[in-house]
Each structure stands twice: as structure tokens, then as C-alpha cells.
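Trainee: I've got the model open and would like to go through a few of its parts with you. Could we start with a strand and then move on to helices and rings?

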Amino acid sequence: MKKVLVISGPNLNLLGLREPDIYGNRNYDALVEFTRTALTDCGFEAEFYQSNHEGDLVDKIQEAYGVFDGIIINPAAYTHTSVAIPDALKAVGIPTVEVHLSDINSREEFRRHSFVSPIAVATICGKGFDGYKDAAEVLRDII
């Protein structure tokens, strides 16, 4: 069975508490359950990883080489600040879909630039949890 790594960046562990008007009131565990179901429905085995630390996210991406067939990543705040995360994604060469719960293109100016988008096979924004289902379907179609 093909394997997908789902990576969540900083503050996603606070879903349901952090700005529910933007991110909704469901928590991180609900996101994991929803995404696991979507990936299973697409024929994937899933592993989940969340960290608030950039280096830990880079380490996890590097460890994915030769183990995972696809990556779904919500780099959260690191979307707009990290060069290390897209560099790691380029290095491992695993098809990656970038997902954001909110529409980063309609928020503050600084959120509109993503360092990850240019290397992702797709970027899905503003669809809440459903964006993760869309990401699973994108990976199903290309893997």
C-alpha cells in the first residue's frame, strides 16, 4: 500500500482554540481523523506529524525519503518564512501537495507569498478540512 506523510506546522495543534472564525472550531485530532479517512478512501496508508519547530519539520521531510510516496503539508506560518522546508521537499523529490485551511490569498499581504507553492504539485487554500480530501485525491491521481 502506498504511504502518505501529512505534516502540520506551527500552531495547528491549537485548532479549535486559535481564531475559530478563521480556522473553524474542530480540533487537530478531528483533522487527523478526517484526513486519515480521506487518504484511506484513496487507497493510502497515512502517517501524521505536527511540530512547532522548523528544524523538526525539515528532519521529518528528510526522513520521508524512500519511505513515503506522497506528502501533504500545511507549513502554517513557515509557508511565508521558511526556505529550509521547500529546500528539503525539493531534495527528497516526493510529490507534495500544500494545503491551507484558510485562503491565504485573501488574508494579510505577508500571508500571500508561499515558499512552498513553487515546488508543490498543487496548492489548496480556503477549503477548511475538505482541502485535505482534495489533496488526497490529487496524490491518488498522480501516484
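Trainee: Which residues of strand β5 make up the covered face, and which the uncovered one?
Mentor: Bearing in mind that this is a predicted model, Ala 122 and Ile 124 form the covered face of β5, which spans residues 122-125, while Thr 123 and Cys 125 form the uncovered face. In a regular strand, side chains alternate between the two faces of the sheet.

Trainee: And in what sense do β4 and β5 pair?
Mentor: Strand β4, residues 96-100, pairs with β5 in the parallel sense, over four bridges, and Val 99 is the residue that stands opposite Ile 124.

Trainee: Switching to helices, at what angle do α3 and α4 cross?
Mentor: The axes of α3 (residues 54-63) and α4 (residues 84-92) cross at roughly 5° and come within 9 Å, so α3 is roughly parallel to α4, given that angles under 35 degrees count as such.

Trainee: Which residues meet there?
Mentor: From α3 there are Glu 54, Leu 57, Val 58, Ile 61 and Gln 62, which meet Ala 84, Ile 85, Ala 88, Leu 89 and Val 92 of α4; by class, the residues of this contact are eight nonpolar, one polar and one charged.

Trainee: New topic: how many aromatic pairs are there?
Mentor: The count comes to one aromatic pair, formed by Phe 34 and Phe 129, whose ring centres are 5.8 Å apart and whose planes stand at 55°, so the pair is tilted. Because Phe 34 lies in helix α2 and Phe 129 in the loop between β5 and α5, the pair ties together parts that are 95 residues apart in sequence.

Trainee: Is Phe 129 buried or exposed?
Mentor: Phe 129 counts as buried, at 4% relative accessibility, whereas Phe 34, at 23%, counts as partly exposed.

Note on methods. Residues numbered from 1 in each chain as written. Predicted model: local features only at pLDDT ≥ 70, side-chain atom pairs only at ≥ 80, totals over all residues. Heavy atoms only, no water. Buried < 20%, exposed > 50% of the residue type's maximum accessible area, 1.4 Å probe, protein only. Helix = DSSP H or I, 4+ residues; strand = E, 2+ residues; numbered from the N terminus. Pairing = 2+ DSSP bridges. Axes fitted to C-alpha atoms, helices over the stretch in contact; angles between N-to-C directions. Parallel < 35°, antiparallel > 145°, perpendicular 65-115°, else oblique. Contact = heavy atoms within 4.5 Å. Nonpolar A, V, L, I, M, F, W, Y, C, P; charged D, E, K, R; others polar. Phe/Tyr/Trp six-rings, centres within 6.5 Å; stacked < 30°, edge-to-face > 60°.
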